[in-house]
Amino acid sequence: MSNMTPILVMNRIKAAPESSPIAVFKSNKSGCVDAMFASTIVSQQRIESGVGLIGVFDKKSKAKEVYATLKNNAAPVES
């Protein structure tokens with residue numbers, strides 16, 4: 001995973017168990033957010049720094065709220 005649209009990230013989040021959540025960060029890629037497994041060392045370092053962190057989500061997260069958050073934080077779409 002990495003730079004993906006909010007819809008693709010939601011598909012990952014909806015399948016992610018609590019033991020393997022998805023960390024989501026801001027991205028510079030048009031219309032995307034940066035998503036990755038939250039349990040990796042790199043992810044943990046990024047989460048701890050808080051830089052660009054949108055949130056950490058799993059299948060028990062409220063889908064409508066998470067999707068709205070991802071859409072609102074996706075990089076602007078270039079025209």
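Valine 51 is exposed, with a relative accessible area of 61%; exposed means over 50% relative accessible area, buried under 20%, and partly exposed in between, with a 1.4 Å probe and protein chains only. The structure is a predicted model, in which local features need pLDDT of at least 70 and side-chain atom pairs count only at pLDDT 80 or more, while totals for chains, interfaces and linings use all residues. Residues are numbered from 1 along each chain as its sequence is written, and side-chain values use heavy atoms, with hydrogens and water left out.

**Overall fold**

- The protein chain contains three helices and four strands, where helices (H or I, at least four residues) and strands (E, at least two) are DSSP runs numbered from the N terminus.
- Their order along the sequence is β-α-β-β-α-β-α.
- The radius of gyration is 12 Å, close to the 12 Å that the globule rule gives for 79 residues, so the chain is as compact as a globular protein of that length. This radius is taken over C-alpha atoms, and the rule is 2.2 Å times the number of residues to the power 0.38.
- Along the principal axes, the C-alpha atoms fill a box of roughly 40 × 25 × 20 Å.
- Of the 79 residues, 35% count as buried.
- The accessible surface comes to about 5,000 Å², and carbon and sulfur atoms account for 53% of that surface. Accessible areas come from the Shrake-Rupley method with a 1.4 Å probe, and for residues only the protein chains shown count as cover.
- Among contacts (heavy atoms within 4.5 Å) between residues at least 6 apart in sequence, 63% join residues at least 24 apart.

**The loop between H2 and S4**

- Valine 51 is located in the loop between helix H2 (41–49) and S4.
- Apart from neighbours within four places in sequence, valine 51 is in contact with Phe25 and Arg46.
- Valine 51 and phenylalanine 25 are 26 residues apart in sequence, with a C-alpha to C-alpha distance of 8.0 Å.
- Arginine 46 lies over the face of phenylalanine 25, at 4.0 Å from the ring centre. The criterion for such a charge is that NZ of Lys or CZ of Arg is within 6 Å of the ring centre and within 35 degrees of the ring normal.
- Glycine 52 also belongs to the loop between H2 and S4, and at 25% relative accessibility this glycine counts as partly exposed.
- Not counting residues up to four places away in sequence, glycine 52 touches Val24, Phe25 and Lys26.

**Nonpolar core**

- The largest nonpolar core has 14 residues, and those with the most contacts inside it are Val9, Ile13, Val24 and Leu70. Such a core is a set of buried Ala, Val, Leu, Ile, Met, Phe, Trp, Tyr and Cys residues joined through side-chain atoms within 4.5 Å.
- Two or more residues of this core come from each of helix H1 (6–15), strand S2 (22–26), strand S3 (33–37), strand S4 (53–57) and helix H3 (63–73). H1 gives the most, with three residues.
- Beyond its neighbours within four places in sequence, valine 9 is in contact with Met4, Val24, Val33, Ala35 and Leu70.

**Valine 66 in helix H3**

- Valine 66 is placed in helix H3 and is buried, with a relative accessible area of 5%.
- Leaving out neighbours within four places in sequence, valine 66 is in contact with Met10, Ile13, Phe57 and Ser61.
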